[in-house]
Amino acid sequence: QERKDTSQTSSDSEELAVDENNVIQGSPCEEMPVGFMYKVKATHNSCEEEHLQFTEGDIILVLSCNDTEIQTNGSLMGVKEMDWNQFKDVTSRQGTFPEALTERVD
């Protein structure tokens, strides 16, 4: 686990450390992957090999993505929440998926 010395950090702009698995440390809420934006719920199954695979009802953590091709074709980048909770690794478990197969949740 990475430790950050907060003695030189102002309380107004507290910095959060990131560990070797891209997990935000010191967050007041549950640990989320770097780039986490919001959650969606799968409304359909996705079993296409080139996309993130999930089943209806799965919760997916949507991640920021700078790839304009992904952004313009109606896809999102994400990782299944259950995979994130079990492995705390997005590098080998993230993928793109059609936004139309999901709905945003709070």
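This briefing describes the fold, strand pairing and selected side-chain contacts of one protein.

The structure is a predicted model, in which local features need pLDDT of at least 70, side-chain atom pairs count only at pLDDT 80 or more, and totals for chains, interfaces and linings use all residues. Residues are numbered from 1 along each chain as its sequence is written, and side-chain values use heavy atoms, with hydrogens and water left out. The protein contains 2 helices and 7 strands; helices (H or I, at least four residues) and strands (E, at least two) are DSSP runs numbered from the N terminus.

**Overall composition**

- The order of elements from the N terminus is β-β-β-β-α-β-α-β-β.
- Among the 106 residues of the protein, 36% count as buried, where buried means under 20% relative accessible area, exposed over 50%, and partly exposed in between (1.4 Å probe, protein chains only).
- Of the contacts (heavy atoms within 4.5 Å) with a separation of 6 or more, 43% involve residues 24 or more positions apart.

**Strand pairing around strand 3**

- Strand 3 (residues 36-42) pairs with strand 4 (residues 59-63) in the antiparallel sense, over 5 bridges; two strands pair if DSSP finds at least two bridges between them.
- Within this pairing, valine 40 stands opposite isoleucine 60 in strand 4.
- Strand 3 is also joined to strand 7 (residues 102-105), by 4 bridges and in an antiparallel arrangement.
- Lysine 39 has valine 105 of strand 7 as its bridge partner.

**Aromatic rings and charges**

- The whole structure holds 1 aromatic pair; rings of Phe, Tyr and Trp (its six-membered ring) pair if their centres lie within 6.5 Å, with planes under 30 degrees apart counted as stacked, over 60 as edge-to-face and the rest as tilted.
- The ring centres of phenylalanine 54 and phenylalanine 97 are 5.7 Å apart and the planes stand at 90°, so the pair is edge-to-face.
- Because phenylalanine 54 lies in the loop between strand 3 and strand 4 and phenylalanine 97 lies in strand 6 (residues 95-98), the pair ties together parts that are 43 residues apart in sequence.
- Phenylalanine 54 counts as buried at 3% relative accessibility, and phenylalanine 97 is buried at 0%.
- Arginine 93 lies over the face of phenylalanine 87, 3.5 Å from the ring centre; a charge sits over a ring if NZ of Lys or CZ of Arg is within 6 Å of the ring centre and within 35 degrees of the ring normal.
- Arginine 104 lies over the face of tyrosine 38, at 3.8 Å from the ring centre.

**Selected buried residues**

- Glutamate 81, in helix 2 (residues 81-87), is buried at 16% relative accessibility.
- The side chains of glutamate 81 and lysine 39 make a polar contact (2.8 Å); such a contact is a pair of N or O atoms within 3.5 Å, where within protein one must be able to donate a hydrogen and the other to accept it, and residues adjacent in sequence count only if both atoms are side-chain atoms.
- Threonine 102 belongs to strand 7 and is buried at 13% relative accessibility.
- A polar atom of the threonine 102 side chain lies 2.8 Å from the backbone oxygen of glutamate 99.
- Beyond its neighbours within four places in sequence, threonine 102 contacts residues including Val40, Ile60, Phe54 and Phe97.
- Glycine 95, in strand 6, counts as buried at 14% relative accessibility.
- The C-alpha atoms of glycine 95 and glycine 78 are 5.7 Å apart, although the two residues are 17 apart in sequence.
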